[in-house]
Amino acid sequence: IFMNLQKIWSKIAEAAEDDYSSLTDSERAAYNIKNLMDAVNGRGLLSYYENECSDYAEDVIEDLYSVGMDEVASIIENSNAIFPGGCPPEDVDSRIEIIDSWEHEYDSLYEQWTDDILEFAIPLEEAFDKLMTELA
């Protein structure tokens, strides 16, 4: 089953790169939640905004709510709200420019949010696994 799930993930990732809007709700949720988890587990929440996966930062909130991860969705809402207009730009270069302009002003806040999200690492992984199993 692992190989099958890996193939499904590859298909979702390719489809998202080709035409994100073509993803089903479950595929979109799996894609966005996995990318968020990978960023937070790797270099922290702030790094999520420094790459293309957060082009869909508004969608990930809806996706997190859809799988019952309300606490994590709330953290992302708060995190997004720091950006001008209360929403991160869809363009990664614009996000990085804004983050650089903060001059580390929000680093401790993002570190705390990273820690808060990591407290939900197991339920997030379980939610992702459930989505992937349903897609299999």
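Where do K34 and D38 lie, and how many residues apart are they? Both are in helix α2, 4 residues apart, about one turn of the helix.

1. **Before you start.** This is a predicted model, in which local features need pLDDT of at least 70 and side-chain atom pairs count only at pLDDT 80 or more, while totals for chains, interfaces and linings use all residues. Residues are numbered from 1 along each chain as its sequence is written, and side-chain values use heavy atoms, with hydrogens and water left out. Helices (H or I, at least four residues) and strands (E, at least two) are DSSP runs, numbered from the N terminus.

2. **The opening pair.** The side chains of K34 and D38 meet in a salt bridge, at 3.1 Å from N to O. A salt bridge here is a side-chain nitrogen of Lys or Arg within 4 Å of a carboxyl oxygen of Asp or Glu. K34 is partly exposed, with a relative accessible area of 21%, and D38 is partly exposed too, at 40%. On this scale, buried is under 20% relative accessible area, exposed is over 50%, and partly exposed is in between (1.4 Å probe, protein chains only).

3. A search of the whole structure finds 8 salt bridges. In one of them K11 pairs with E27, the closest N and O atoms being 3.7 Å apart. This pair links distant parts of the chain, with K11 in helix α1 (residues 2–19) and E27 in helix α2, 16 residues apart. K11 is exposed, with a relative accessible area of 56%, whereas E27 counts as buried at 13%.

4. D63 and R28 form a salt bridge of 2.7 Å, N to O. Here the distant parts of the chain are helix α4, which holds D63, and helix α2, which holds R28; the two residues are 35 residues apart. Both D63 and R28 are buried. A network of salt bridges links R28, D59, E62 and D63.

5. **The nonpolar core.** The largest nonpolar core has 42 residues, and those touching the most other members are L36, L45, Y48, Y49, L64, I76 and Y110. Such a core is a set of buried Ala, Val, Leu, Ile, Met, Phe, Trp, Tyr and Cys residues joined through side-chain atoms within 4.5 Å. Two or more residues come from each of α1, α2, α3, α4, α5, α6 (92–101), α7 and α8, and α2 gives the most, with 8 residues. Not counting residues up to four places away in sequence, L36 touches L45, Y48, V60, L64, V72 and I76; contact means heavy atoms within 4.5 Å.

6. **Helix α5.** This helix (residues 70–81) has 12 residues and reaches 16 Å from its first C-alpha to its last, close to the 16 Å expected at 1.5 Å a residue. The expected span is 1.5 Å times one less than the number of residues. Its buried residues are V72, A73, I75, I76, S79 and N80. Seen down the axis of α5, these fall within an arc of 160°, so they line one face of the helix; the arc is that of the directions from the helix axis to the C-beta atoms. Their cover includes α2 (25–42), α3 (45–49), α4 (57–66), α7 (107–118) and α8 (121–135).

7. **Helix α6 and R95.** V92, R95, I98 and I99 are buried in α6. Down the axis of α6 they fall within an arc of 125°, so they line one face of the helix. These buried residues pack against α3, while the face turned away from the buried side carries the exposed residues D93, E97, D100 and S101. R95 has a relative accessible area of 0%, and its side chain reaches the backbone oxygen of E90 at 3.1 Å. Leaving aside neighbours within four places in sequence, the contacts of R95 include Y49, D55 and F83.

8. E103 is found in the loop between α6 and α7 and has a positive phi of about 50° although it is not a glycine. H104 is in the loop between α6 and α7, with a positive phi near 70°. E103 is exposed, with a relative accessible area of 66%, and H104 counts as exposed at 63%. For background, most residues other than glycine have a negative phi.

Methods: Polar contact = N/O pair within 3.5 Å; in protein donor to acceptor, adjacent residues only side chain to side chain.
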